Each structure stands twice: as C-alpha cells, then as structure tokens.
Amino acid sequence: MTIYNISTYIKTKTDPKYIVYEMELYKIDDKGNKVYALKSTGKQNLQADKRTSVHSSLDISDPENTSYILELNLFHKIGGMSTLFSTKKIRSSISFVFNR
C-alpha cells in the first residue's frame, strides 16, 4: 500500500494570484464508476510559483499496471476582494492517464 504526493505546475502567462484550481485522482471500475484515490480538493489558490499545493492520495494497493485519471479544473478569479470573488471556468478539465 502506498500514499502518493500529488502536485503539478501550470504553464501560464496569467498572474497565478488570479488562478484557482480543483484536482481529483481516480480510476474507473468495471461498472464505469469513479473510485477516488484523491477526492476533489475543492477550489484552491495556485501558488506564486504556479504550482498546485501538494495533496496526499489515499492509500493505494492496486497492481502496478492500474491506470488513474488526474483531473484538473482551472478557474480565473473575477473581482477585486481577496476573500470574496467569483470564478469563471477557463478549462473544463485537463485529464492525464497514467499507470502508477
């Protein structure tokens, strides 16, 4: 059983203080259902270095050839106040399929 630390870098010309992300990691079971290794992080601010925070997966005990999907949704902050803002989705999702 293994716990993975998951993060990524976003290549963008937009100031990272205006970008919010939401990330989840899952596999699809034989019935077509999502089985989460990382449930949705909820909307998180992108860090100043354009990286996401590090998120720990659940304990994974699947065989090495199991494929997972990392889904990343990006949002652009709209509005001026730092605690109250709305977001506009700029990418519906970016999915990566990988074998662990």
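The structure holds two salt bridges, a salt bridge being a side-chain nitrogen of Lys or Arg within 4 Å of a carboxyl oxygen of Asp or Glu. Side chains of opposite charge can pair when their charged atoms come close. This is a predicted model, in which local features need pLDDT of at least 70 and side-chain atom pairs count only at pLDDT 80 or more, while totals for chains, interfaces and linings use all residues. Residues are numbered from 1 along each chain as its sequence is written, and side-chain values use heavy atoms, with hydrogens and water left out.

The two pairs are listed here.

| Salt bridge | Closest N and O atoms |
|---|---|
| Lysine 34 and glutamate 24 | 3.4 Å |
| Aspartate 62 and lysine 27 | 2.8 Å |

Lysine 34 forms a salt bridge with glutamate 24. Lysine 34 lies in strand E3 (residues 34-38) and glutamate 24 in strand E2 (residues 19-28), so the pair ties together parts that are 10 residues apart in sequence. Strands (E, at least two residues) and helices (H or I, at least four) are DSSP runs, numbered from the N terminus. Glutamate 24 is buried, with a relative accessible area of 11%, whereas lysine 34 is partly exposed at 39%. Here buried means under 20% relative accessible area, exposed over 50%, and partly exposed in between (1.4 Å probe, protein chains only).

The other salt bridge joins aspartate 62 to lysine 27. Aspartate 62 lies in the loop between strand E5 (55-56) and strand E6 (67-78), and lysine 27 in strand E2, so this pair ties together parts that are 35 residues apart in sequence. Both aspartate 62 and lysine 27 are buried.

**Strand E2 and its partners**

Eight of the 10 residues of E2 are buried. Two strands pair if DSSP finds at least two bridges between them. E2 pairs with E6 in the antiparallel sense over eight bridges, and tyrosine 21 has leucine 74 as its bridge partner in E6. E2 also runs antiparallel to E3, with four bridges, and here leucine 25 stands opposite leucine 38. Five residues separate E2 and E3 in a hairpin, where glycine 32 in the turn has a positive phi of about 85°. Two bridges join E2 to strand E4 (residues 44-45), again antiparallel; tyrosine 21 stands opposite glutamine 44 in E4.

**The nonpolar core**

A nonpolar core is a set of buried Ala, Val, Leu, Ile, Met, Phe, Trp, Tyr and Cys residues joined through side-chain atoms within 4.5 Å. The largest one has 14 residues, of which Ile6, Tyr21, Met23, Leu25, Leu72 and Leu74 touch the most other members. E2, E3 and E6 each supply at least two residues of this core.

Histidine 55 is in strand E5 and is buried, with a relative accessible area of 12%. Its side chain makes a polar contact of 2.8 Å with that of tyrosine 21. A polar contact is a pair of N or O atoms within 3.5 Å; within protein, one must be able to donate a hydrogen and the other to accept it, and residues adjacent in sequence count only if both atoms are side-chain atoms. Not counting residues up to four places away in sequence, histidine 55 touches residues including Tyr4, Ile6, Met23 and Leu38, where contact means heavy atoms within 4.5 Å.

Threonine 52 is found in the loop between E4 and E5 and is buried, with a relative accessible area of 2%. Threonine 52 and threonine 8 are 44 residues apart in sequence and 5.6 Å apart in space, C-alpha to C-alpha.
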